[in-house]
Amino acid sequence: MLTAVREQLGQALFRRVAGPDGPANRARIHDTPGPRWFTPDRPIRTVHGDASMFIGGLSALLLQSLHPLAMAAVAGHSGYRGDPWGRLQRTSTFLAVTTYGTAEDARRAVGHVRGIHDRIRGTTAEGMPYHAADPHLLAWVHAAETDSFLRAHERYGARPLDPAGYDAYVADTARVAEALGVIAPPRDRRELSERLAAYRPELHATPEARAAARFLLLRPPLPLAVRPFYGGLAANAVALLPSWARNMLWLPRLPLVDDLAVRPTGQALTRTIRWAMTPPRTRG
């Protein structure tokens, strides 16, 4: 009975994040022979393969929304409201291909994304032009994502890395960022922190950013039965944000609630996801 529950939950989670083509994509990514960008011992494989990514990914979306140009591009072109799960599935597939796939498949995936970025142009409500292929804008998206994934793994990962390991993780992500068009991406945690701080004067929560936060946190397109589960992940994604980012999004911090209720819930949820998505050991 427990094995059946585990399999059903694991399959449901995998379908949600990987889509209907998930099994075929997983087989292609992991089973195709050839050189990879990252060997099995690299930190990027440890971080991106952990259940903490469920929280880190949601936190990254909230943090990324604080750049008005990035948020305008998402609001105007990504279709996140009409097809949020499709966007998640495309993003998770890209991360899987570049982290675990062959170098040839990784280059092909990067080329596809660069082609999409090159076509996304527009003007914000305030009249500011944006282009998704702008290296400065790409660098913000990369830094916010990397920091969020790192913070989530440090707090909720099954085996947190040491400081050198997290520096190496930032260096690993820099390889993908450069391929996407980021110029001189951070290569250790100190540089990552400095890069995020340098963007602070450009950041604020636009009406589109606050609308996206309400959609992600309060009105997710999910059945009522699983919303409490998602709500626990969302609360931890908010708790993971830097305090200045929470303030911009009008998401107040309640220290006692975060420490006594939110974080333990996040740890329990990530353990459950990890249990469900890790195949049970077969007895020899």
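Me: Which residues have the most contacts inside the largest nonpolar core?
Reply: Those are L62, L63, L66, W140 and L249, in a core of 77 residues. Bear in mind that this is a predicted model.

Me: Ok, and which helix gives the most to this core?
Reply: Helix α8, residues 135-156, with 10 residues. As a general point, nonpolar side chains tend to be buried together in soluble globular proteins.

Me: Take L63 from that list. What is in contact with L63 once its neighbours within four places in sequence are left aside?
Reply: L63 is in contact with W140, A144 and S148, and also with L241, P242, W244 and A245. W140 is itself one of the residues with the most contacts inside the core.

Me: Let's zoom out. How many helices and strands does the protein have?
Reply: There are 14 helices and 2 strands.

Me: How does the radius of gyration fit with a compact globule?
Reply: It agrees: a compact globule of 284 residues would come out near 19 Å, and the protein has 18 Å. Along the principal axes, the C-alpha trace spans about 65 × 45 × 40 Å.

Me: What percentage of the residues count as buried?
Reply: 48% of the 284 residues.

Me: Charges next. How many positive and negative side chains are there?
Reply: 36 positive and 25 negative, and the centres of the two sets lie 6 Å apart.

Me: New topic: T173. Where is it found?
Reply: T173 is in helix α9, which covers residues 163-180.

Me: Buried or exposed, and why?
Reply: T173 is buried, because its relative accessible area is 6% and the cut-off for buried is under 20%. Not counting residues up to four places away in sequence, T173 touches I44, H142 and T146.

Me: What does Q89 contact, leaving aside neighbours within four places in sequence?
Reply: R15, R16, V17, A18, G19 and P20.

Me: Where do A184 and W250 lie?
Reply: A184 is in the loop between α9 and α10 (189-199). W250 is in the loop between α13 and α14.

Me: W250 is a tryptophan, so is it buried or exposed?
Reply: W250 counts as exposed, because its relative accessibility is 62% and the exposed cut-off is over 50%.

Me: What about P252, where is that and is it buried or exposed?
Reply: P252 is also in the loop between α13 (243-248) and α14 (255-277). At 61% relative accessibility, P252 counts as exposed.

How values were computed
Residues numbered from 1 in each chain as written. Predicted model: local features only at pLDDT ≥ 70, side-chain atom pairs only at ≥ 80, totals over all residues. Heavy atoms only, no water. Helix = DSSP H or I, 4+ residues; strand = E, 2+ residues; numbered from the N terminus. Rg over C-alpha atoms; globule rule 2.2 N^0.38 Å. Buried < 20%, exposed > 50% of the residue type's maximum accessible area, 1.4 Å probe, protein only. Lys, Arg positive; Asp, Glu negative; His and termini not counted. Charge placed at Lys NZ, Arg CZ, Asp CG, Glu CD. Core = buried A, V, L, I, M, F, W, Y, C linked by side-chain atoms within 4.5 Å. Contact = heavy atoms within 4.5 Å.
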